[in-house]
Amino acid sequence: IQTDAAINPGNSGGALVNTRGELVGINTAIASQSGGYQGVGFAVPSSLARPVLEELIKHGKIVRGYLGLGVQEMTTELAPWFGLKSGEGALVTDVVSGGPADKAGIHRGEVILEYQGKTVKDGQMLLEQVTRAPIGEQIELGMVENGKERKVRAVIREQPPIPQAQRTRTPRVEHPLAGVEVA
C-alpha cells in the first residue's frame, strides 16, 4: 500500500490504520528526500500480513510449502515450441533430486498448466500456491510435454532451510582482494 500518512523513518513494523482505527497495513518503508516523515510511505497490506502472523502463532516459525522445482514464465513466443496456443503456464526449468516434484515424476521441459484443477497463469502464481499449501497435502498438477497432457500427484513438503553461506578468506598475499571476506 502506498500512503502519504506520516511515517517516521525507523517506524517499520508500525500500524497503518484507517480513520475508523482499523488496521489496513504494516509500515514497511518511506521514501523521503528530507530524511523526515515527509514523503511517500509503503505498507504491507494486513491481508498479506495476517497469514504470516497465523503461521507464527501456530508453528512458532514461517512454514512454506515446497515441491523442489524451478520454473520460468511461459510466453507467447515460447508456447509454440511446447505445442501450446497461449502463453499461460509455468515451464519447469529445474527439478531438485529427491524432492517432491522428482518423486512425482516431473522433469525439466514440462509445462504446468493446472494446479488443483485451476489454470496456472504464470510461474509466480504457481509458486504462491505451492508456498501457501499445507504441508503433507497431496496436490494434482496438469502437465503437458510434447503436446501430451497428463496429470501428476505430488505431496507438498516443508521448504528446507537455506544453508548458511560458507565464509572464505583470501590468503594474505599481495593481491587487490587480500583480506576480503565473502559470504
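The structure is a predicted model, in which local features need pLDDT of at least 70, side-chain atom pairs count only at pLDDT 80 or more, and totals for chains, interfaces and linings use all residues. Residues are numbered from 1 along each chain as its sequence is written, and side-chain values use heavy atoms, with hydrogens and water left out.

With a salt bridge taken as a side-chain nitrogen of Lys or Arg within 4 Å of a carboxyl oxygen of Asp or Glu, the count comes to six. One of them joins Glu158 to Lys61, with 3.0 Å between the closest N and O atoms. Glu158 sits in strand β12 (residues 157-158) and Lys61 in the loop between α1 (46-59) and β5 (65-66), so this bridge links distant parts of the chain, 97 residues apart. Helices (H or I, at least four residues) and strands (E, at least two) are DSSP runs, numbered from the N terminus. Glu158 has 36% relative accessibility and Lys61 has 42%, so each counts as partly exposed, the class between buried (under 20% relative accessible area) and exposed (over 50%), using a 1.4 Å probe and protein chains only.

Strand β11 (residues 148-155) holds Arg150, which pairs with Glu110 in the loop between α2 (100-103) and β8 (111-115), 40 residues apart. The closest N and O atoms of Glu110 and Arg150 are 2.7 Å apart. Glu110 is buried, at 0% relative accessibility, whereas Arg150 is partly exposed, at 32%.

A further salt bridge brings together the side chains of Glu114 and Lys151, at 2.6 Å from N to O. Because Glu114 lies in strand β8 and Lys151 in strand β11, the pair ties together parts 37 residues apart in sequence. Glu114 is partly exposed, with a relative accessible area of 26%.
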